[in-house]
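Here are my notes on the model you sent over. Have the structure open while you go through them.

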Amino acid sequence: MAGYFCYVIILQQTELYQIRREMDVVNTRLAEAEGVNKSLTAEKKQLSMTEYIEKVAREQLGLVKPGEVPYIPAR
């Protein structure tokens, strides 16, 4: 009887250890996802600002306003 109880206790401790390890992995993934969510929310907020849209259009797309002369630096 005592041997059976020891076996059950050891088995339960092993399962609890595995569950704790899985919890740590899941908590790490959750923290990463929350960080990504925070950065995407900040980017979404910036995308609603006209100044940011203009900056992106100028820097990444090379767009200019009507009447402006684009400046292309020589390398």
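1. Is Glu 68 buried, partly exposed or exposed? Glu 68 is partly exposed, as its relative accessible area is 34%. The cut-offs are under 20% relative accessible area for buried and over 50% for exposed, with partly exposed in between (1.4 Å probe, protein chains only).

2. A word on what we're looking at. This is a predicted model, in which local features need pLDDT of at least 70 and side-chain atom pairs count only at pLDDT 80 or more, while totals for chains, interfaces and linings use all residues. Residues are numbered from 1 along each chain as its sequence is written, and side-chain values use heavy atoms, leaving out hydrogens and water.

3. On to the overall fold. The protein has two helices and zero strands; both kinds of element are DSSP runs numbered from the N terminus (helices are H or I, at least four residues; strands are E, at least two). The C-alpha trace spans about 90 × 30 × 10 Å along its principal axes. The radius of gyration is 28 Å, whereas a compact globule of 75 residues would come out near 11 Å. That radius is taken over C-alpha atoms, and the globule rule is 2.2 Å times the number of residues to the power 0.38.

4. How much of the protein counts as buried? Of its 75 residues, 1% do. The protein exposes about 7,500 Å², and carbon and sulfur atoms supply 62% of that. Accessible areas come from the Shrake-Rupley method with a 1.4 Å probe, and for residues only the protein chains shown count as cover.

5. Helix H1 covers residues 2-47, Phe 5 among them.

6. Take a look at the nonpolar surface patch made of Met 1, Tyr 4, Phe 5, Tyr 7 and Leu 11, which together have about 650 Å² of accessible area. Phe 5 itself is partly exposed, at 47% relative accessibility. Patches are made of residues with over 30% relative accessible area and no salt bridge; like charges are joined within 9 Å, and nonpolar side chains (Val, Leu, Ile, Met, Phe, Trp, Tyr) within 5 Å.

7. Which residues do the salt bridges join into one network? The whole structure has three salt bridges, each a side-chain nitrogen of Lys or Arg within 4 Å of a carboxyl oxygen of Asp or Glu. Arg 58 and Glu 54 pair up at 3.2 Å, N to O; both lie in helix H2 (residues 50-59), four residues apart, about one turn of the helix. Lys 65 also bridges to Glu 54, with the closest N and O atoms 3.6 Å apart. This pair links distant parts of the chain, with Lys 65 in the segment after H2 and Glu 54 in H2, eleven residues apart. Glu 68 bridges to Arg 58, the closest N and O atoms being 3.1 Å apart. Through shared partners, the salt bridges join Glu 54, Arg 58, Lys 65 and Glu 68 into one network.
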